[in-house]
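Me: I've got a model loaded and want a quick tour. Can you talk me through it?

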Amino acid sequence: MNAQTPMIELRKLGKSFGSQTVLRSVDLTAKRGETLVIIGASGGGKSVILKHCIGLMRPDAGEVVVDGTTISSHDFMDVQTIRRRMGMLFQGAALFDSMNAGENIKFAVREHNPEMTEDELDAMAVEKLNQVHLPAEARLKMPSELSGGMKKRVALARAIAMNPEILLYDEPTTGLDPITADVINDLILDMQRELGVTSLVVTHDMVSAYKVANRIAMLHEGRIIFSGTPDEIRATDNPHVRQFINGQRELK
């Protein structure tokens, strides 16, 4: 696909769980190489959007298109190929507790590249740790020995191990102190600048959203009610957006 093709498109996306409708005709586009941040209330469907993008869920209505390919159609069978082009940083890091950091990073690479030697896999793990500003020795630590910020960085190293074109971040700064959260924000910017990835970031942290976003979209009651630059969202007079970004309990 050419550089003008959007990397991710959600077209009239709808999803319900039983009687609860979570997404209502969501239209959203992530341009190639940009960082799109999705904000909204907890439990409002932001993470459900990410799961559709990576093919973990199929929509009840509408389409998910990745680099020109509709991955949500029932006759599309090659989801694994699409997933190999993506990396995901899960909210709780989701490291395998029984593996050290290096083995976590090597896990998917080993599965998809059986021809690689252990020395090559070790070198790759060290390279990815360096990219998230961790020393080579960190690969020997178990998840239980890592701080919250280090766990997130190891998880990010794992997410970029397959050299993805798309990175999905689910609440990347949740549970971190402000200084550590800013380290993660800087890494999100580094990944975009150094790797040229397209990024979707789900967060309710407006400090993070303003710092990393090229564009910010707000999900409210299952619909996208705003999409624009950080400056545009600061200037909007939409009452629901203003309530959220200012942390107000009631509409004003």
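Me: What ground rules apply to the model and its numbering?

Reply: This is a predicted model, where local features need pLDDT of at least 70, side-chain atom pairs count only at pLDDT 80 or more, and totals for chains, interfaces and linings use all residues. Residues are numbered from 1 along each chain as its sequence is written, and side-chain values use heavy atoms, with hydrogens and water left out.

Me: What is the mean pLDDT of the chain?

Reply: The mean is 91, and 96% of the residues reach 70 or more. pLDDT is the predictor's confidence in each residue, from 0 to 100.

Me: Which elements have the lowest and highest mean pLDDT?

Reply: Helix 2 (residues 79–83) has the lowest, 81, and strand 3 the highest, 97. Helices (H or I, at least four residues) and strands (E, at least two) are DSSP runs, numbered from the N terminus.

Me: How many helices and strands are there?

Reply: The chain has nine helices and ten strands. Its radius of gyration is 18 Å, close to the 18 Å from the globule rule for 252 residues, so the chain is as compact as a globular protein of that length. That radius is taken over C-alpha atoms, and the rule is 2.2 Å times the number of residues to the power 0.38.

Me: What does the C-alpha trace span along its principal axes?

Reply: About 55 × 45 × 40 Å.

Me: How about surface? What area does the chain expose?

Reply: About 12000 Å², with carbon and sulfur atoms supplying 50% of it. The areas come from the Shrake-Rupley method with a 1.4 Å probe; for residues, only the protein chains shown count as cover.

Me: What share of the residues is buried?

Reply: Buried residues make up 47% of the 252. Buried means under 20% relative accessible area, exposed over 50%, and partly exposed in between (1.4 Å probe, protein chains only).

Me: Back to strand 3. Which way do its residues point?

Reply: T35, V37 and I39 point one way, L36 and I38 the other, and all are buried. In a regular strand the side chains alternate between the two faces of the sheet.

Me: Which strands does strand 3 pair with?

Reply: Four bridges join strand 3 to strand 8 (residues 198–202), running parallel. Another parallel pairing, also of four bridges, joins strand 3 to strand 9 (residues 215–220). Two strands pair if DSSP finds at least two bridges between them. V37 stands opposite V201 in strand 8, and I39 stands opposite M218 in strand 9.

Me: Which residues touch the most other members of the largest nonpolar core?

Reply: V37, I39, I105, V154, L156 and Y169, in a core of 43 residues. A second, separate core of 30 residues includes L36, V48, V64 and L168. A nonpolar core is a set of buried Ala, Val, Leu, Ile, Met, Phe, Trp, Tyr and Cys residues joined through side-chain atoms within 4.5 Å.

Me: And I39, what does it touch?

Reply: Not counting residues up to four places away in sequence, I39 touches several residues, including K46, T203, M206, M218 and F244.

Me: What about strand 7, buried or exposed?

Reply: Strand 7 (residues 166–170) is mostly covered, with five of its five residues buried. I166, L168 and D170 point one way, and L167 and Y169 the other.

Me: How many bridges join strand 7 to strand 8?

Reply: Five, and the two strands run parallel. D170 has V202 in strand 8 as its bridge partner. Strand 6 (residues 86–89) also runs parallel to strand 7, over four bridges. There, L89 stands opposite Y169.

Me: T198, buried or exposed?

Reply: T198 is buried, with a relative accessible area of 0%. T198 lies in strand 8. Leaving aside neighbours within four places in sequence, its contacts include M7, A30, E165 and L167.

Me: And D237, buried or exposed?

Reply: D237 is exposed, at 69% relative accessible area. D237 is found in the loop between helix 8 (230–235) and helix 9 (239–245). The C-alpha atoms of D237 and Y169 are separated by 28 Å.

Me: Last one. What is the strand order in the open sheet?

Reply: Four strands form it in the order 2-1-4-5, with antiparallel pairing. Its edge strands are strand 2 (20–30) and strand 5 (69–70), each pairing on one side only. Strand 4 (residues 61–66) pairs with strand 5 over two bridges, and V65 stands opposite T70.

Terms used. Contact = heavy atoms within 4.5 Å.
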